[in-house]
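Subject: Structure for you to look at

Hello,

Here is the structure I said I would pass on. Please have it open while you read the notes below it.

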Amino acid sequence: MPDTAVQVTNPAMVVEELTEALGSTGVLAEQEDIERYGRDQSGHPAGAAIAVLRPSSTDEVARAVEICASHGVAIVPQGGRTGLSGGGCGISDAVILSLERFRGIEEIDTCLLYTSPSPRDLSTS
């Protein structure tokens, strides 16, 4: 899988802004975490992502997308990392957007063929 992300000029500033928006549990920036989340079951090599995002609400997802867009940072969405095509692998200078904190479905629209994810109730965990 080609690594086509644009180089981010100040990744530390992007991580800082994301941490302010998502909190310290919503952003993982340690190399060990990035490497672990950077791979799926395909075995494709992962690029050096700048962080792993773990939003706990759709509002946090929207805020993370806004921040990344303002800095030209690519986003690799990630579900369960079970894919075999490499689509969930991190790419250089991008963020990995893990949806692992979403545990249910709020709505299923059978006409438009989409689902709305529901964040896990973090108050009980």
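Predicted model: local features only at pLDDT ≥ 70, side-chain atom pairs only at ≥ 80, totals over all residues.

Residues are numbered from 1 along each chain as its sequence is written, and side-chain values use heavy atoms, with hydrogens and water left out.

Side chains of opposite charge can pair when their charged atoms come close. The structure holds three salt bridges (a side-chain nitrogen of Lys or Arg within 4 Å of a carboxyl oxygen of Asp or Glu).

One of them joins Asp33 to Arg36, at 3.1 Å from N to O. These two residues are three apart in helix 2 (residues 31–37), or about one helical turn. Helices (H or I, at least four residues) and strands (E, at least two) are DSSP runs, numbered from the N terminus. Asp33 is buried at 15% relative accessible area, and Arg36 is partly exposed at 43%. Buried means under 20%, exposed over 50%, and partly exposed in between, with a 1.4 Å probe and protein chains only.

In helix 3, Glu66 and Arg63 are also three residues apart, about one turn. Their side chains meet at 3.1 Å, N to O. Glu66 is partly exposed at 47%, as is Arg63 at 39%.

Arg54 pairs with Glu100, with the closest N and O atoms 2.5 Å apart. This pair links distant parts of the chain, 46 residues apart: Arg54 is in the loop between strand 2 (51–53) and helix 3 (58–71), and Glu100 is in the loop between strand 4 (94–98) and strand 5 (102–109). Arg54 is buried at 17%, whereas Glu100 is partly exposed at 22%.

Regards
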